[in-house]
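User: Hey, I'm new to this one. Can you walk me through it?
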Amino acid sequence: MPLINKTPEWAALESLSEAAAATPLRRRFSEDPARGEKYAVEAAGLYLDYSKNHFDQQTFDALVALAKAAELEAARKAMFSGEPINRTENRAVLHPALRDFSLRSYQVNGEDVSKAVARERQKIGAFVDAVSAGSIKGAKGDALDTVVNIGIGGSDLGPLMAVDALKPYWTEERRTFFVSNVDGRHLSDALEAIDPHRTLFVVASKTFTTQETMTNAASARAWLVEKTGDEKSVGAHFVALSTNERAVTDFGIGPDRMFRFWDWVGGRFSLWSAIGLSLALQIGHRNFDDMLRGAHLMDEHFREAPLEGNMPLILALMGVWNRNFLKMSGHAVLPYDQGLHRFPAYLQQAEMESNGKSVAMDGAALPYASAPTIFGEPGTNGQHAFYQLLHQGSDIIASDFIAPALSGAPLGDHHEKLLANFLAQPRALMIGKRLEDVSEEMKASGRTAAEIDALAPHKVFPGGRPSNTILLERLEPATLGALIALYEHKILCQGVIWGVNSFDQWGVELGKTLAKQVLPDIAPLNEEKAAVTAYDSSTNTLINRINKIRSENKSND
Ligand code: F6P
């Protein structure tokens, strides 16, 4: 398959792009009063309005044609059939199997994995129930009402995001802490707040070798042994979520306390697997299962809906259009729901680790852009921080606005105000405010001509800044599952169009290797180290400066 920019479909879109950018979005709406209903799609409890993007029907059809030229349908089939589409690691990509409760079989290397999935899901459910019922206890017989999830990246961001999002579903009296950073502060803060006798440490790591996680897990283990005075308490207070049985055993966690998943579950797609254990403990496994079911509904939609009405594909196509043809390098994710405050961070890993690539599947350099920079904050906080740039900055940034119509925490008229902002912001980005309107307004308020000349340009909003709007009835396990699955499939679609492998992450390796190399050169506190000269002059100077501070600052231990 040639690179996508060599296809006539790409060329067709290029020729449409100039006129598209020059047509004001507000004009598209005035010329087609039904545009807002026409360019919207509903699936799995989500409603996506993509009408506030720079396209007309001809461009939309050309985008769908681009997906066909990229053989999207075949790629989708290959994923669901367990083909090793993660080619650089020779692995299948089958996270949808984790959320399918039907009897459908999912094959990996000729083996049906659905039974193993069901077994592990059952083991998780039984464990969660037993902890909640108090039949699984701490070493001294206390109830385990506190969970500390130790993991990073995909072994942290998903469960953390979902625990926060699903607060109305929390199990009473249970608290969950997430520790990811190797900065000792992160673990210390959690340890200060917990009772060792009532705490379950959940070590979440696909590989069980990740430096940050293993360091935090070892320190948590040492702390527990010190507090309980009993090495054997580790067995009662630690569980592992991993694919690496040997490393888990070496750590001192037995097979009954290990929850498995498989190499065909990518780290950033692993929330649905045993990696969801902390979440399941916090919201109960029935709610966890509901989240899986919601994601499955989106899987079914993605599998079956025609391309023209396929929500994940449409979201992906709007992204490709903005990124490759309208040259937008940033994409803001703006949830109008405090529960989704970590959703942008979650998507940063999901999208940027998946599609932040610059070589195609066959190793050829990509001659076009791939994933944009993803960032975001919950509305309305972002409005008082970076929206200035969204509205008037020199770069045009596309945005996704996400909100539930019903609040999970109703309080007075808060939600009405939140929703008003959720609706006003994408409209403001789209329609903008013209110089003549600003001048007119200033004139009406009695400003002089000189004042208008000086100030009016600063008050102009160019408009034409595209956005998608995702509306949920309410944020609940099923709709959260569908929302996450929507983005997962968007990622697949974009990766297929860009021709990259969305399921490896070689770009994280070099930094890890260099950190290992530098580690022995960092002076232990209060110790002198010979001057380091092994690296570039910047790194050498920084290490030597750090070592000087560390050797002299004797009080800091
Ligand atoms: O950052 C690289 C990465 O491999 C991610 O893909 C993964 O989610 C994270 O590290 C954690 O890995 P593990 O679950 O193996 O500890």
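User: Which residues do ring pairs link into a cluster?
Analyst: Phe201, Phe208, Trp223, Phe238 and Phe251. Rings of Phe, Tyr and Trp (its six-membered ring) pair if their centres lie within 6.5 Å; planes under 30 degrees apart are stacked, over 60 edge-to-face, the rest tilted. This is a predicted model: local features need pLDDT of at least 70, side-chain atom pairs need 80 or more, and totals for chains, interfaces and linings use all residues. Residues are numbered from 1 along each chain as its sequence is written, and side-chain values use heavy atoms, leaving out hydrogens and water.

User: How many aromatic pairs does the structure hold?
Analyst: There are 23. One of them is phenylalanine 238 with phenylalanine 251, tilted, at 5.6 Å centre to centre and 50 degrees between the planes.

User: Are phenylalanine 238 and phenylalanine 251 buried or exposed?
Analyst: Both are buried (under 20% relative accessible area with a 1.4 Å probe, protein chains only; exposed is over 50%, partly exposed in between). Tyrosine 336 and phenylalanine 422 also form a tilted pair, 5.8 Å centre to centre with 55 degrees between the planes. Tyrosine 336 and phenylalanine 422 are both buried too.

User: New topic: which ring does the charged end of lysine 123 sit over?
Analyst: That of phenylalanine 259, 5.1 Å from its centre. To count, NZ of Lys or CZ of Arg must be within 6 Å of the ring centre and within 35 degrees of the ring normal.

User: And arginine 76, which ring does its charged end sit over?
Analyst: The ring of phenylalanine 302, with 5.7 Å to the centre.
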